[in-house]
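Have the sequence and coordinates open while reading.

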Amino acid sequence: MAIQGLFISFEGIDGAGKSTHIDALARAFEAQGRVVTTTREPGGTLLAEKLRAMILGDAMDAMTEALLVFAARRDHLQQVIEPALARAEVVLCDRFTDATFAYQGSGRGFDLKTLLFLERLVQTQQGPAGDFVRNPDLTVWFDLAPDIAAQRLAGTRVPDKFEAQPAAFFQRVSDGYLQRMQAAPNRFARINADQPRESVWRDVLAAFQRQGWLA
Ligand code: TMP
């Protein structure tokens, strides 16, 4: 059977500890001979990285934020994600649209119906069998209580606009992730991120082995 592209996103509140596991997964896929594109949102292209600096640095209302995030996503999809998937690569994407539902939707209280509309508008692609809405094949959600995430982040770096939010914001973001998972349970692997790093890695690896993607 021909090798298929794989699109995997990684989610969680700030401080949940995604990064080291994304790097380790890239190495694990490469060890199996796969070509890996590691990327992030907001960002991943020159234009989207410029938008990221505004989104993370500048004050703006929730609708402006949502529109900029989706503008960055459109460019990222067209320039990086879709071409990589067409080459049958593994795309490891640090955050995707679930983050918009969690942060702008649940966290900031922006209208979820509008987000659903934007998701469909921005992510619709043409395939051989007609149009479809591009979404990850798997979303790894690093689930961590907001107070523990805050302890981990404390003093590590100057917080950006989101990292500086209070615990109540991150509780709403967490609830937002839960709602997204409940709406698409088969797409999600929920990982208990409140464990030593090696145990988290074991659980992450197991999720990929269950899919048959890693040995
Ligand atoms: P990062 O620090 O994990 O790279 O994430 C960047 C920040 O941007 C993080 O605080 C979450 C936020 N964000 C949104 O608010 N909406 C989005 O759609 C995305 C992708 C990220």
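The model is predicted, so local features need pLDDT of at least 70, side-chain atom pairs count only at pLDDT 80 or more, and totals for chains, interfaces and linings use all residues. Residues are numbered from 1 along each chain as its sequence is written, and side-chain values use heavy atoms, with hydrogens and water left out.

Met60 counts as partly exposed because its relative accessibility is 22%. Met60 sits in the loop between H2 and H3. Helices (H or I, at least four residues) and strands (E, at least two) are DSSP runs, numbered from the N terminus. Contact means heavy atoms within 4.5 Å. Leaving out residues up to four places away in sequence, Met60 touches Met54, Ile55, Glu65, Leu68 and Lys161. Ala189 is 129 residues from Met60 along the chain, and their C-alpha atoms are separated by 32 Å.

## The ligand site

A residue is near a molecule if one of its heavy atoms lies within 4 Å of it. There are 14 residues around the ligand. Asp14, Arg52, Arg95, Thr100 and Gln104 come nearest.

Which elements give two or more residues to the shell around the ligand? The space taken by the ligand is the largest pocket. Helix H2 (46–57), helix H3 (62–86) and helix H4 (97–107) are the elements that give two or more residues to its shell. H4 supplies the largest share, four residues.

The pocket is defined on a 1 Å grid over the protein atoms alone: it is an open set of points with protein on both sides within 12 Å along at least five of seven lines, whereas a cavity is a set where a 1.4 Å probe fits but cannot get out, and lining residues have an atom within 4 Å of a point. A molecule sits in a pocket if more than half of its atoms lie within 2 Å of its grid points.

| Residue | Distance to a ligand oxygen |
|---|---|
| Arg73 | 3.3 Å |
| Arg95 | 2.8 Å |
| Thr100 | 2.6 Å |

The protein covers 95% of the 480 Å² of accessible area that the ligand has on its own. Such areas come from the Shrake-Rupley method with a 1.4 Å probe; for residues, only the protein chains shown count as cover.

Most residues other than glycine have a negative phi, and most peptide bonds are trans. Arg95 has a positive phi of about 80° although it is not a glycine. Arg95 lies in the loop between E3 and H4. Its relative accessibility is 11%, so Arg95 counts as buried. Ala88 also has a positive phi, near 65°. Ala88 is placed in the loop between H3 and strand E3 (90–94).

Where is the cis peptide bond? It joins Glu41 and Pro42, with omega about -10°. Pro42 is in the loop between strand E2 (36–40) and H2.

## Two residues of H3

His76 belongs to helix H3. Its relative accessible area is 0%, so His76 is buried. Beyond four places in sequence, His76 touches Thr39, Arg40, Glu41, Gly43, Gly44, Thr45, Ile81 and Cys93.

Val80 is in helix H3. Val80 is buried because its relative accessible area is 18%. Leaving aside neighbours within four places in sequence, its contacts are Thr37, Gly44, Thr45 and Asp75. Val80 and Gly44 are 36 residues apart in sequence, with 7.3 Å between their C-alpha atoms.

Is Arg134 buried or exposed? At 16% relative accessibility, Arg134 counts as buried. Arg134 lies in the loop between strand E5 (130–133) and strand E6 (138–143). A polar contact of 2.7 Å joins its side chain to that of Glu82. A polar contact is a pair of N or O atoms within 3.5 Å; within protein, one must be able to donate a hydrogen and the other to accept it, and residues adjacent in sequence count only if both atoms are side-chain atoms. Apart from residues up to four places away in sequence, Arg134 touches Phe7, Leu77, Glu82, Leu85, Phe96, Gln123 and Gln125.

Asp131 lies in strand E5. Its relative accessibility is 57%, so Asp131 counts as exposed. With residues up to four places away in sequence set aside, Asp131 touches Thr124, Gln125 and Gln126.

How values were computed
Buried means under 20% relative accessible area, exposed over 50%, partly exposed in between (1.4 Å probe, protein chains only).
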